[in-house]
Amino acid sequence: MNQLSEHQKQYLKETFQKVVGIARKIKLGRSMSSEEVDSLQKEIDDVKGTLFIFSDIHGNVEHIELYKEAADILENVLNLTSGAHRYDHLL
């Protein structure tokens, strides 16, 4: 991560703080409304998109892959906690 400028390091740090913020919003053991789930999914998608673009530009920064994995784990947790009926409206 030493090859990044201070601005890039700060941007990456803020992006990971978003991941932490999303994790805090997921309600384990309690049901969430479809609006809450959709909002969290959008936040996860935004973070994953940011990390994808950042990794294209700075592919040799190993922290990015860890952050992407954290976002994937959050997405899996969200899918598990939101229940099997999350996509029923699409059927």
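Biologist: Hello! Is Phe 54 buried or exposed?
Modeller: This is a predicted model, so local features need pLDDT of at least 70 and side-chain atom pairs count only at pLDDT 80 or more, while totals for chains, interfaces and linings use all residues. Residues are numbered from 1 along each chain as its sequence is written, and side-chain values use heavy atoms, leaving out hydrogens and water. Buried means under 20% relative accessible area, exposed over 50% and partly exposed in between, with a 1.4 Å probe and protein chains only. Phe 54 has a relative accessible area of 8%, so the class is buried.

Biologist: How many aromatic pairs are there?
Modeller: Rings of Phe, Tyr and Trp (its six-membered ring) pair if their centres lie within 6.5 Å; planes under 30 degrees apart are stacked, over 60 edge-to-face, the rest tilted. By this rule, the count of aromatic pairs is two.

Biologist: What kind of pair do Tyr 11 and Phe 54 form?
Modeller: Tyr 11 sits in helix 1 (residues 6–25) and Phe 54 in helix 2 (residues 34–57), 43 residues apart; helices are DSSP runs of H or I, at least four residues, numbered from the N terminus. The ring centres are 6.1 Å apart with planes at 25 degrees, so the pair is stacked.

Biologist: Which residue forms an aromatic pair with Phe 16?
Modeller: This pair is stacked, with 4.4 Å from centre to centre and 25 degrees between the planes.

Notes. Helix = DSSP H or I, 4+ residues; strand = E, 2+ residues; numbered from the N terminus.
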